[in-house]
Amino acid sequence: MMQKARNSATSSSPSILLRNNRTKNIGLLCHHRRSKTLLCQFLLISIVPIVLSVPTTSYHNSAFVNSSCLDNNSQICGSQENAAAAISYRQSKRYLNNMRAWTCHGRTQREMVEKLAAANIIKTDQVRQCLLRVDRANYAPERYSAYTDAPQPLGYGQTISAPHMHAHTLEELLPSLISASRNKPDTPLSILDVGCGSGYLTAALGRLVDKGTTRFGGPISPLVSGNVYGIDVVPELVDMSKINMKKDDADLLHSGTVTVQLGDGWKGLPDKAPFHAIHVGAAADDFPHNLMMQLAVGGVMVIPVGPDGGIQNLYRVEKLRESPTFHGEDFAIDRLLGVRYVPLVRIGP
């Protein structure tokens, strides 16, 4: 059962409402020597290759759930002493799905997507459809490895995330978009993609809320059409995103569904707020209040948080109520899984 608790605040920052699920312990009982031997063989065959395949550089890592809390400068900590803010995990099924990450390689876009669906990383038809409509080969630095379930360097200290991370993110953002579409069907959806990189996820989000009607017939039901704003702090990546989209997704630009521009990820786009969904593609060392405030009520942000080279986790942040100033209790946060991301670049003080 989902539990809600308020984290005791530090003197410098308000408390943030935490919302987490308890995970059932998964026990493997071995009563005989033969059982133990078989278990060891299973672990060597199944687990060790995954561990060896996890990048040690600042690439995205979703193979394992990270149980450690953030440092004392963060607004969230899962230490036992802070019982009111104790962090547990989502269902064990999510953990098992994470263990299948890094393995959904394909020879084509469709094969990669179908493997992500077979691994239950893609769970909904909407996410499956939008990923089938955007060819990752147009956004990856090397076409021959475009459908490999691993991140790839783009240059400028940035990467394109592994396909399983894009699938995870889209699944986490989708429910809030569906809810907003049903509650206010006459209001266009608004999505912010912070750190658009090569433009792949920006384009996938665009397919979800496509305003164009000639190629795919509009947004993917039951979503209404809307706008996706991709921003990046690196000018060369902004240009790269536009060039990549023009290869086979130029209609997203022509219809006004997708806009890509230079921007500071820590500041967001306040003139385009509020957003029904925000994705942050780089790790913030703390929760960015400016971005949280730019969420619409009921809107969701998916963001990695943690120091560069240290413990990082992917979080789902939901805005519960509107307020003219930041209050931690106006937000609920789920910790999803342990990750490894490049840092979210700060510009100026």
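Residues are numbered from 1 along each chain as its sequence is written, and side-chain values use heavy atoms, with hydrogens and water left out. Because the model is predicted, local features need pLDDT of at least 70 and side-chain atom pairs count only at pLDDT 80 or more, while totals for chains, interfaces and linings use all residues.

Helices here are DSSP runs of H or I with at least four residues, strands are runs of E with at least two, and both are numbered from the N terminus. Axes are lines fitted to C-alpha atoms, for helices over the stretch in contact, and angles run from 0 to 180 degrees between N-to-C directions. The crossing of α5 and α6 is right-handed, a term used if the near helix is turned clockwise from the far one by less than a right angle, with anticlockwise giving left-handed.

Which residues make this contact? On the α5 side they are Gln-126, Val-127, Cys-130 and Leu-131, and α6 brings Ala-167, Leu-170, Glu-171 and Leu-174; contact means heavy atoms within 4.5 Å. By class, six of them are nonpolar, one is polar and one is charged. Ala, Val, Leu, Ile, Met, Phe, Trp, Tyr, Cys and Pro count as nonpolar, Asp, Glu, Lys and Arg as charged, and the others, Gly among them, as polar.

α5 also packs against α7, at an angle of about 120° with axes 8 Å apart, which makes this pair oblique too. Here Gln-126, Cys-130 and Leu-131 of α5 meet Tyr-200, Ala-204, Arg-207 and Leu-208 of α7.

To complete the set, the axes of α6 and α7 come within 12 Å and cross at roughly 35°. In α6, His-166, Thr-169, Leu-170, Leu-173 and Leu-177 meet Tyr-200, Leu-201, Ala-204, Leu-205 and Leu-208 in α7. This contact has eight nonpolar, two polar and no charged residues.

Now for the space inside. A cavity is a set of points, on a 1 Å grid over the protein atoms alone, where a 1.4 Å probe fits but cannot get out, and its lining residues have an atom within 4 Å of a point. There is one cavity of 30 Å³ or more, and the largest cavity holds about 280 Å³, a volume being the space filled by probe spheres set on the points, which are joined across faces, edges and corners. Of its 28 lining residues, the closest to the centre are Gly-195, Cys-196, Gly-197, Asp-232 and Gly-281. The largest share of the lining, three residues, comes from β4. The lining has 13 nonpolar, 13 polar and two charged residues.

Finally, a look at the backbone. Most residues other than glycine have a negative phi, and most peptide bonds are trans. Ser-221 and Pro-222 are joined by a cis peptide bond, with omega about 10°, and Pro-222 sits in the loop between α7 and β6. Another cis peptide bond joins Ala-273 and Pro-274, with omega about 5°. Asn-120, in the loop between α4 (109–118) and α5, has a positive phi of about 65° although it is not a glycine.

Technical notes: On a 1 Å grid over the protein atoms alone, a cavity is a set of points where a 1.4 Å probe fits but cannot get out, and a pocket is an open set with protein on both sides within 12 Å along at least five of seven lines; lining residues have an atom within 4 Å of a point. Angles under 35 degrees count as roughly parallel, over 145 as roughly antiparallel, 65 to 115 as roughly perpendicular and the rest as oblique.
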